[in-house]
Every structure is written in structure tokens, then in C-alpha cells.
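This report looks at how two protein chains meet. The sequence and the model come first, then the contacts.

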Amino acid sequence: MKVLRKLFDNIKPHVEKGGRFEMFHSTFDAFETLFFVPDKTNKNGVHVRDVIDMKRTMIIVVMALVPALLFGIWNTGYQHFMAMGQSAPFMDMVLHGLFKILPIIVVSYGTGLAIEFAFAQMRGHEVNEGFLVSGMLIPLILPVDIPLWMVAVATAFAVVIGKEVFGGTGMNIWNPALLARAFLFFAYPAQMSGDKVWISGLTAGEGIADGFSGATALGAAVESDISSKFPLWDSFIGIIPGSIGETSTLAILIGAAILIYTGIASWKIMVSVFAGGYLMALLFNLIGVNTLMQVDAIHHLCLGGFAFGAVFMATDPVSGSRTEAGKWLYGFLIGVFAILIRVFNPAYPEGMMLAILLMNTFAPLIDYFVVNANIKRRLKRSIVKA
Amino acid sequence: MSEVIKIKKGLDIPLSGKAEKVFGQTQLPGLFAVKPTDFHGVVPKMVVKEGDPVKIGTVLFFDKYHPEVKFVSPVSGTLKSVNRGERRRILEVILESDGKDEFVDFGTADIGNLSSEAVIAKLLEAGAWPYIRQRPYNVIANPAEKPRSIFISGFDTAPLAADMDFVLSGQEAAFKAGIDVLKKLCSDVHIGLSSESASKVYQNLNGVQIHRFSGPHPAGNVGVQISQIAPINKGEKVWVIQPQEIVSIGLLFTNGKHDFSRSIVLAGSEVLRPAYFRYRLGASVSELLRNNITDETLRIISGNVLTGEQIEPDGYLSFYHAQVTVIPEGNYHEFLGWALPGFGKFSMSRSYFSWLCSNKEYKMDANMHGGHRAIVVSGQYDKVLPMDILPEHLFKAIITEDIDKMEQLGIYEVVEEDVALCEFVCTSKMELQALLRSGIELMIKELGA
């Protein structure tokens with residue numbers, strides 16, 4: 001630790017302003033602050049500060065994603081061997097999952113961080129920690145058989161077009177990870193939808209056990225009643241095909257508990273997304289003219305990316321509503337639209353992704369009304385007085 | 001008793017080093033200073049020169065834009081030097097004590113018979129007018145104006161702050177006289193008290209409205225109390241003053257002397273014996289700290305850790321402060337600090353595992369614990385600002401210098417101390433108090449105080 005500190009102290013003069021390698025200042029700063037909390041003290045303002053910083057905030061979110069990731073690794077192996085009609089020991093499933101998923105994570109982080117560093121360097125900014133989370137979110141919302149080059153292209157698109165063109169973390173309009181997924185969904189629909197992509201090995205043409213379909217629950221729900229094929233309990237635990245991290249509502253709820261308990265993410269948004277989705281699904285149950293409408297309301301919330309989106313995507317503070325009152329409406333409408341899109345346009349089974357991106361777009365409008373209400377209250381108060 | 005107003009939003013920072021309710025022994029130092037930088041917007045014009053003799057109450061300088069507002073010496077002796085900063089701005093007027101404590105006699109008066117003009121003239125002449133500050137903007141009140149009301153907060157909820165009831169006990173008569181003086185300036189006088197206060201000071205006061213508050217900091221901030229009782233609207237002026245300053249004003253009218261002595265609290269984790277002291281405004285803190293602080297690299301603060309001003313170990317107590325706080329400077333590199341469990345570190349969030357420990361008090365230093373970032377996290381500021389204000393949107397209006405929006409979003413209702421907690425909890429380490437001050441200065445420049 002002391003050796004490391006000495007190393008940093010030795011390099012520092014060369015990368016500071018006027019040094020020979022000044023252009024690498026952002027990179028140096030990123031690594032230095034990764035290992036050492038800066039020795040900067042408070043000037044002109046408060047003398048003590050809360051110990052929370054952006055790194056801590058982001059790392060907590062990554063921790064909250066770990067249960068979903070671990071489950072996804074196991075489930076990838078489980079689904080694979082089940083599709084093959086083989087039985088395999090637990091470790092084989094995990095190893096298979098690791099073998100498939102680790103490269104996706106490496107590519108996602110590698111591409112994203114490289115671009116982040118390059119932009120920070122160009123602008124002379126600190127490297128922002130935002131991508132620590134995005135880099136983990138992107139793999140978790142992709143199908144396991146996605147080609148790695150697509151992961152790289154989508155990540156690059158999300159970081160450059162989704163974030164950096166707006167000025168970096170904190171300035172973006174849409175959630176970068178969802179933008180990556182939306183990009184792939186529309187640019188390469190063959191690799192992002194259908195019956196084959198959700199279980200590892202199927203696209204490569206490996207043998208399938210008789211009578212097995214690789215369709216996701218939502219895909220299947222278009223055709224027929226799913227309550228026997230995808231029982232509610234299986235969907236809740238997550239032993240169903242789907243994107244890597246989205247299947248286990250249980251694992252996601254563990255993550256939600258971490259986020260809410262630490263106070264990192266807004267419980268208001270999570271609650272209102274689930275409430276919006278539940279009420280909308282309930283309404284459709286009453287109408288019930290097609291099989292998707294008949295899916296049980298609670299079951300709806302356990303399928304597809306609904307829970308994952310509600311907990312990890314809708315709560316992104318940058319792209320979401322920033323006012324406390326606005327968060328209720330913002331979340332509620334995400335839930336409503338997600339179910340609405342699912343049911344009325346089965347071509348887009350991932351209603352959640354589109355619902356969140358749509359509400360990301362409208363979040364500033366919601367905030368606008370909340371802010372205006374505050375302004376009007378203040379104005380009214382002064383008129384009544386005068 | 002009136003109903004208790006419950007403040008729900010806010011945060012009590014559990015800092016260690018709370019002072020015991022006893023008065024410690026100390027003596028007054030040889031050097032004093034009046035710092036024009038304590039007064040927002042004041043451009044000082046010196047009246048006395050280096051080497052001139054002064055008494056307690058001798059005018060040192062006045063405000064260029066309000067020549068009637070005078071600033072007087074808190075000590076008798078000689079003017080030692082005038083310390084200037086960039087562009088010859090006066091930073092400190094240093095005074096050397098002769099230990100005789102000679103007073104300028106401003107004459108006693110029967111407050112009941114004085115007109116409000118006479119009261120204002122006397123306050124101005126004796127240099128006691130700067131105690132009265134105006135909301136909005138937290139600047140010295142304009143003696144030519146009539147305020148809507150006067151607000152006094154009878155308790156301080158800031159970290160390690162003085163217990164006002166303890167400080168004021170025994171000063172009942174002077175306090176009452178001071179209140180009578182204030183009533184001459186404005187008939188609408190409000191006092192905000194802690195729900196737990198049983199102080200005798202506030203009994204037998206006539207013609208004032210007493211409000212009771214409970215809840216965490218900033219419940220004791222006068223700005224928060226105003227917003228709960230009658231928020232400041234555009235064009236309205238409210239005057240505020242602190243309890244010990246009222247005592248000083250009371251004494252000015254009853255015995256003719258401008259009394260600068262204060263009961264101050266010395267607290268913080270690096271103070272060996274945190275306690276109360278009888279000290280004086282403008283006095284060097286050197287005597288106060290002698291043999292009473294640890295050997296570490298320290299940060300000495302005139303005031304509290306949220307709004308105070310960093311001073312040197314022989315620096316001077318600021319004009320509006322009745323507190324000195326000493327904490328570690330914290331200029332160290334912490335290895336992987338953001339990734340460790342962090343027992344014993346205080347955070348409003350539960351992102352560090354300190355919630356596992358039964359720690360009730362924390363030793364906190366002046367380290368920033370992170371770097372500046374763009375605003376990412378939302379809803380943090382709202383949790384610690386108990387006013388009907390959207391802080392983040394107000395700050396954004398200030399950043400974009402949008403005067404209309406600043407006004408519409410309530411810049412008249414807040415001053416730095418009200419947003420200090422927002423700054424404390426900010427994940428992006430924004431300097432919000434400085435930002436708010438820049439917004440206020442822009443308002444004053446464009447619209448006038």
C-alpha cells in the first residue's frame with residue numbers, strides 16, 4: 001500500500017498541469033482515486049461531508065446486481081442442459097454459464113471504459129463512475145447467445161450516442177444500458193428475439209430435446225395459456241429462459257432490498273412501477289380477450305424484464321424523474337406502458353425496455369409540471385398576502 | 001402553550017466532542033480583529049488609522065454604500081494593522097488590547113419613551129446595527145426600511161452548537177430590554193423555541209409571538225422557522241437577530257455600553273475539554289485553545305462545521321459566531337476507502353456499514369471523501385431541506401443565472417445555512433453554499449437588496 005502510494009506520488013508531477021504527460025491526467029486520476037480516496041479537504045463551505053461519493057454509490061448498485069448475475073450464470077447452464085435433454089451436475093451448469101457470460105461482461109466493460117477514458121481525456125475531466133453500473137447492466141439484459149462483436153457495437157453506441165454526446169454521466173436523456181439493448185433490438189432483431197436466442201447453444205444448432213421450445217414465457221403467452229408451462233413459482237425463482245439477468249424475480253428483489261436499505265435507489269419509483277404494472281394487468285384480466293391479457297397480474301410482473309427494469313433501470317436517477325412527486329407518476333406510467341405494450345403489440349415482448357425509454361423521454365416533462373406547481377404555490381401565496 | 005411545529009426533514013450530524021454545560025477558565029487574548037468579510041456586501045471605509053487609540057465602541061470603519069452603518073471596536077487599545085488581500089480589499093482590522101476595557105459611553109435611555117428613529121440612531125451610532133440582518137439575502141438590514149416582521153431563533157440545532165437556554169440564563173433582564181428595543185423597530189416579533197426549552201428568559205415577554213419547534217437540524221435555523229410560520233414573499237423584508245445579540249442590545253440601552261462579551265462554546269473531537277467560555281467577539285482564539293487541543297493537524301473553525309469559517313490557530317472569532325469547533329484536517333490519502341466496509345464513518349445513506357455498529361458519535365474530519373462530479377443522485381437535497389422548495393431546481397437556476405427562475409423557485413427564502421445540509425449530503429460534492437451566495441449576489445446586483 002505504501003509502495004503503491006509512493007508510485008503514484010512519483011508519477012503525479014509528470015501528469016499534472018505542465019508535466020510531460022499532462023494529456024494522461026484523467027487516466028492517472030482515475031487510477032489514483034480508484035486506489036486512494038483523494039486527500040482533498042473541504043474549502044469554502046461545509047467542513048465535514050457525508051462519506052458517500054460516486055464510487056460508493058455505483059459500487060453498491062453493482063453489488064445489488066450480483067444476485068441476479070449469479071443466478072443468471074447458473075440458469076444459463078441449467079437451461080442449456082435442459083434444452084439438450086441432459087442432466088448435469090451443479091458445477092457443470094455454473095461453469096457453462098461462466099464460460100458464456102464472462103466474455104460478454106469483459107467485452108462490455110472493456111469497450112465502455114475505453115470510450116469513457118478517451119472522452120474524459122479529450123475533455124480534461126475526471127473519469128466518471130457511471131459506466132461501472134452500465135457495464136454490468138448491459139450483459140444482464142442481453143440474450144446469452146449474443147455475438148460478442150454485437151455487445152461491443154451496442155456498448156459503443158450506448159456510451160457515445162447515449163451519453164457522451166450529451167456531456168457524459170449526469171447529462172444523458174436515456175438510460176445508456178437500455179439504449180444499448182434497444183439498438184440491438186432494432187438493428188439485429190434476429191439475434192435479439194425469437195425462440196432460439198435465449199438458451200445457450202440453440203443458435204449454434206445444437207440438438208434440442210424432443211418437444212422443447214426455447215421461447216420465453218412472454219413469447220409463449222402470445223399463443224396459449226402459460227400457467228402450466230411456466231408456473232408462477234418458476235417465473236418468480238427464475239428457472240425460465242430469458243435475458244441473462246432478468247429471469248429471477250427473487251434475485252432481483254434481493255438487489256432491490258439492498259438498494260432500498262442503503263438508500264441508493266428510489267423506493268418510490270420501484271413501488272409505483274410495480275403498482276402501475278399490476279393495476280394495468282389486472283385491468284386486462286377483466287377484459288381478457290386474448291391469452292396475453294389473461295396472464296395473471298402477479299405473473300406478469302415476474303415475466304420478462306419487468307422486475308429487472310423496475311429495480312435497476314427505472315430507478316436510474318439521471319434519466320428518470322428528479323422530483324419526488326414526479327417519481328410516483330413516472331414509475332406508475334412505466335408499469336402501465338410496459339404491460340400495455342406487451343399485450344397490444346406482441347411483436348415487442350420487451351415492453352419494459354420501450355416503456356422505460358419512453359418515460360425517460362417524458363421525465364423532464366413530468367418534472368416541469370411538478371416545478372411549475374411549486375412556482376404557482378409560491379406565486380399564489382404572495383398574491384393572497386398582498 | 002402554543003402547538004409544537006414538527007420538522008420532519010433534516011439531519012442531526014452525530015459529531016463527537018460535545019461540550020459539557022460548564023464554564024471553563026480562560027483569559028482574553030492581546031489581539032482582536034474585526035473582519036469586514038463577515039458582512040456580506042459591505043465595502044469598508046476606514047475611519048481610524050494604524051496606531052490610533054480606540055475604546056470599546058470607537059468607530060473603526062463604515063459601509064461605503066450605507067455610511068450610517070458603522071462598525072466599532074470590541075476592545076480598548078490601539079489599532080495595530082489593517083490586513084489587506086487582493087486588490088487591497090480589507091480582510092482584517094487588527095486591534096491590540098491595552099487590558100483596560102475602556103468603554104465609549106452611549107448613554108442610558110428609557111426604552112419605553114424612545115421613538116423608533118431614536119432607537120435606530122442609537123443602534124447605528126453604537127455599532128450594534130449590524131446585528132440585525134435581513135432576509136432575503138442575509139445582509140445587514142437597511143435602517144431606512146420597515147420590515148414585515150422580526151424573527152428570532154431561540155435555539156441552535158447545528159452540530160455541537162451552544163445550548164442557548166444555558167447561555168442565556170441569568171440574562172433575563174437584558175434580553176427583555178433588547179426585545180423591547182426590537183419592538184420599537186417592528187411590532188411583529190416572533191421567537192422560535194425548541195419544544196423542550198423551559199428557559200425563564202422567554203417568560204414575562206410581552207407583545208411577542210412564541211412558536212415551538214421539534215425535529216432535527218435545521219429546525220433551529222431561523223429561515224426554516226420563518227418558512228413554517230410566514231414564508232417570505234417577493235418584496236417582503238424580514239429581519240433576524242440572534243439571542244445573545246439581543247442581550248447586547250439590551251445592555252447598550254440599560255447601561256450605555258456596547259458589550260461584546262459572549263458565552264461561546266468550544267467543541268469538537270480535537271478539543272481536550274469541550275466546554276463553554278466567557279469570551280469576546282473578535283478575540284483571537286489563541287487563549288481559548290491554549291493547552292486544550294490535540295497535537296494533530298487540525299482545522300479550527302469559527303462557528304459550526306456546516307457554516308463556519310476556517311481560521312488559523314491564532315485567528316479571530318467572527319462577528320456572528322458564538323462557537324469554535326476543532327476537528328482533524330483529514331488531508332490524507334485513504335487506501336481503497338470507497339470500497340471498504342467503513343465502520344465508524346458517518347453517512348446519511350446506509351451505504352457504509354456503520355449502521356451495524358452502535359456508534360452514536362463520530363469523529364469526522366474535513367476530508368472531502370470523494371471528488372467533484374456532475375449531479376447524478378436525485379432526491380438527496382429534498383431530504384434535508386424542510387421548506388416547500390425544490391432545491392435541485394433552484395440550484396440549477398442559479399447555475400444558469402436565470403433570475404426569473406431563481407425568484408420563482410424561492411431564492412428569497414433561503415440563505416447559506418439553510419442549504420448547508422444539502423451540501424453535506426451531496427454525493428457529487430457540490431459547493432452549494434458558495435453557489436447560493438453567487439446566486440444571491442447576482443440577485444442583489446440586478447434587483448438591489
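## A salt bridge across the chains

A:Arg378 forms a salt bridge with B:Glu413 (a side-chain nitrogen of Lys or Arg within 4 Å of a carboxyl oxygen of Asp or Glu). Their closest N and O atoms are 2.7 Å apart. Between chain B and chain A the count is six salt bridges.

This is a predicted model: local features need pLDDT of at least 70, side-chain atom pairs count only at pLDDT 80 or more, and totals for chains, interfaces and linings use all residues. Residues are numbered from 1 along each chain as written, chains are lettered from A and ligands numbered from 1 in written order, and side-chain values use heavy atoms, without hydrogens and water.

## Extent of the interface

Chain B puts 79 residues into the contact (heavy atoms within 4.5 Å), and chain A puts in 61 residues. By class, the side of chain B that touches chain A has 35 nonpolar residues (Ala, Val, Leu, Ile, Met, Phe, Trp, Tyr, Cys and Pro), 20 charged (Asp, Glu, Lys and Arg) and 24 polar (the others, Gly among them).

The buried area is about 6,100 Å² (accessible area, 1.4 Å probe, that the two parts lose on being put together, summed over both). Carbon and sulfur atoms give 55% of that area. In chain B, B:His333, B:Trp338 and B:Arg373 lose the most area to chain A, together 15% of what that side buries.

## Strand pairing

A:Phe36 has B:Phe335 as its bridge partner in S20(B).

How values were computed:
Pairing = 2+ DSSP bridges. Helix = DSSP H or I, 4+ residues; strand = E, 2+ residues; numbered from the N terminus.
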